[in-house]
Amino acid sequence: MTIYNVVAMNFNKVHFMVDDLLNFKIHRFIIKNGDDILKINHYEVFENKFTILLNSTINIKEECFVIYEDLKVKANYSTLFSSKEFNYKYYCDSDLGYKYTKDNTIFKVWSPAAKNISLLIYKESEPSLNEKPEIIKTEELSNGLWYCDVQSDLDGYYYTYEVTVYNKCYEAVDPYTTAIGVNGLRGAIINLNKTNPDNWKDDTSPRLKSFTDAIIYETNIRDISIHHNSGVKNKGKFMGLTEETTFSDKNICTVLSHIKELGITHIQFMPIFDFSHKSIDEKNPTKYNWGYDPQNYNVPEGSYSTNPFSPYCRIYELKLMIMKLHKNGFCVNMDVVFNHLWHHVDNNFQKIFPGYYFRYYEDGSMSNGSGCSNDTASENLMMRKFIVDSVKFWSKEYHIDGFRFDLMGLHDIETMNSIRKELDNIDSNIMLYGEGWNLNTALDDDNKACIKNSLKLPKIGHFNDVIRDTIKGNIFIPNDKGYATGKSDLESLLKNCIAASIKNEKSNMGIFYNPCETINYVSCHDNYTLWDKICVSCENESLENKKYMHKLCNGIILTSQGIAFLHSGVEFCRTKNMIENSFTSLDNINWIDWDRKALFIDVFQYYKDLINLRKSHSAFRMSKKEDISSHLLFLSNMPKNVVAFILKDHANGDSWKNILIIYNPNKNVEMVNIPYTSWNLVGTRDKISQLPLEIIEGDKVQLAPISMTILYCND
Ligand code: CA
């Protein structure tokens with residue numbers, strides 16, 4: 001006899017299955033909850049599944065077992081923890097974490113399952129020193145909220161919680177802590193006001209009219225300055241991005257000066273929150289890791305600070321960097337990874353309240369759509385509250401201007417909409433976007449914050465994999481080509497992408513309802529760099545042709561409707577030596593190679609001028625789909641593969657009346673018919689200019705091979 005899938009559905013109902021129904025003697029099983037035997041009201045059997053309705057309520061501070069003869073099988077509580085009844089009974093609206101003043105510090109932590117929680121206060125940050133902590137009892141108030149008020153000045157001390165839960169005792173770091181010791185193994189008690197740089201209260205972010213005005217540049221704190229020729233003193237650190245005038249030995253601008261020269265609007269940082277000490281030892285950061293393995297969500301990563309041993313230093317230096325970037329005209333977006341934790345068991349959530357913060361299947365197995373061994377359960381109210389609180393904290397405390405949600409499709413719709421609402425209350429200019437992939441997680445499809453549900457996610461952006469793969473080829477098929485690299489018959493699909501991928505019932509194309517929803521990109525930190533993808537899929541092309549393809553790829557991105565996104569280094573043909581997933585590769589693969597900027601200075605100049613053109617002309621940045629339908633007109637009768645369109649009648653208030661953009665991915669010259677007038681040529685495959693390069697009179701224009709041509713007219 002086997003009893004399996006024992007699940008507490010709510011406080012009064014238990015399910016289980018038996019494999020040998022004929023021999024199962026129904027009067028012989030009991031349900032034990034701690035020391036108590038729960039009274040059974042009645043049961044139902046369907047096939048081999050029993051549904052037991054209880055007279056008494058399950059006490060969640062104790063485990064529950066179905067006991068039958070010599071079998072004893074533990075009930076899984078995760079369905080109970082996700083139930084309306086549970087979330088109604090235990091939702092705790094209090095602020096959590098600690099609140100420091102010179103006279104006292106108040107600590108609050110939530111765990112309805114815990115039987116006891118003690119606060120442990122340490123002088124040192126390192127567990128390896130075996131220091132005996134001061135143990136302070138906390139008191140359980142209502143809703144599973146544990147509280148204590150320590151009447152002394154705790155600035156400079158460290159703390160953890162000792163949690164007694166389900167007959168085990170764990171030592172955990174407070175998930176809400178805002179400061180930590182080295183490697184994040186203990187919370188640190190600090191006066192957060194002391195982490196503010198001078199004039200922090202006067203720090204302001206650049207303003208946008210619309211999210212479509214953003215040109216996002218994705219980079220990594222370490223990669224951007226670690227190269228030996230970056231010209232930066234604080235290589236690989238937050239402080240590296242505060243150095244305002246830096247050059248390589250070839251006298252070429254680097255790092256912050258380079259980004260300024262390039263002219264993008266938003267810098268998106270790969271993880272800057274504290275990631276696992278197992279990935280990067282903050283005391284000796286010789287290994288490399290991108291950091292998509294969260295450990296302490298509300299604290300910056302220590303290996304990016306000049307002194308990870310000081311809890312103040314990492315916070316101060318990150319704020320200083322953000323302030324410097326704001327001052328230089330950039331918004332700062334951060335990559336957040338709430339969808340999973342670095343380890344499914346050895347993490348603070350699990351130690352404080354086992355089984356609550358993660359998503360499970362009914363058989364008790366962990367949902368793993370993230371591919372990282374666990375998915376968090378954003379649909380559970382206190383997990384949702386944690387995510388919302390954390391995002392609010394980063395935007396208020398650190399002045400973060402945008403959030404890029406890693407694997408956003410794993411979260412539920414209501415969580416993402418709650419975040420949008422809270423951010424709007426702070427500043428409606430704050431961007432919110434993420435990877436809306438539909439992943440295999442234990443959540444109904446209708447409830448996932450993924451692209452196919454974008455109608456239910458207003459003002460939230462999604463990375464657009466359709467434009468990405470249409471332009472450069474499928475990311476999973478290395479030698480697959482795209483529109484810009486030699487694949488035919490993609491004109492209709494591309495046209496939809498150019499027009500912000502707006503859903504069109506007639507053509508059955510499109511994925512979005514609003515141009516602010518599409519993050520248009522061809523490459524990011526994942527997969528091959530754009531240059532490597534072109535080298536793999538077009539290996540026999542000349543270097544010149546590869547460069548023209550590369551420019552055409554992002555030429556399309558920077559002239560399409562929606563939000564433009566660039567992977568740092570793409571502006572000088574970044575390579576990672578054909579490594580597709582470089583998350584633990586060394587610096588010499590991941591770094592921005594500042595010597596390469598000199599080698600590809602022509603490509604850099606092209607990107608820079610094109611970014612400038614996009615920023616100067618609002619026609620490229622329409623914020624309403626109605627404007628796109630009335631101001632974007634595709635020209636017909638083009639040669640095969642050529643796509644041409646006009647942004648007409650001063651689109652979106654543009655100073656130019658009509659802008660004509662023509663892509664020719666063919667390897668031959670094409671002559672095309674255009675409306676008869678006097679056209680000013682401002683973009684060729686070699687040069688982008690704000691002033692006319694040439695006047696073209698008449699109704700024909702010649703297109704160079706593998707090119708983007710841009711013209712405008714004012715009559
Ligand atoms: Ca860390």
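Reader: How many of the eight residues of helix 4 (residues 255-262) are buried?
Author: Six of the eight, so helix 4 is largely enclosed by the rest of the structure. Buried means under 20% relative accessible area, exposed is over 50%, and partly exposed is in between, with a 1.4 Å probe and protein chains only. Helices here are DSSP runs of H or I with at least four residues, strands are E runs of at least two, and both are numbered from the N terminus. Bear in mind this is a predicted model: local features need pLDDT of at least 70, side-chain atom pairs count only at pLDDT 80 or more, and totals for chains, interfaces and linings use all residues. Residues are numbered from 1 along each chain as its sequence is written, and side-chain values use heavy atoms, with hydrogens and water left out.
Reader: Which residues of helix 4 are the buried ones?
Author: They are Val255, Leu256, Ser257, His258, Ile259 and Leu262.
Reader: And what covers them?
Author: The cover includes strand 18 (215-219), helix 3 (221-225), strand 19 (266-269), helix 5, helix 14 (594-599) and helix 15 (601-616). Just after helix 4 comes Gly263, with a positive phi of about 95 degrees.
Reader: New topic: which residues are the protein donors of the calcium ion?
Author: Asp274 (OD), Phe275 (O), Glu282 (OE) and Glu301 (OE), at 2.2 to 2.5 Å from the ion. Donors are N, O and S atoms within 2.8 Å of the metal, or 3.2 Å for Na, K and Ca; water is not among the atoms, so sites may look incomplete.
Reader: Where do Asp274 and Glu301 sit in the chain?
Author: Asp274 is in strand 20 (residues 273-275), while Glu301 is in the loop between strand 21 (294-300) and helix 5 (311-327), so this pair, 27 residues apart, links distant parts of the chain.
Reader: Buried or exposed, those two?
Author: Asp274 and Glu301 are both buried.
Reader: What about Ser365, where's that?
Author: Ser365 is in the loop between helix 6 (348-352) and helix 7 (381-397). Ser365 is partly exposed, at 31% relative accessible area. Its C-alpha atom is 10.0 Å from that of Ser78, though they are 287 residues apart along the chain.
Reader: Zooming out, how many helices and strands does the protein chain have?
Author: There are 16 helices and 33 strands. Of the 715 residues, 62% count as buried.
Reader: What does the C-alpha trace span?
Author: About 90 × 60 × 45 Å along its principal axes.

Terms used. Contact means heavy atoms within 4.5 Å.
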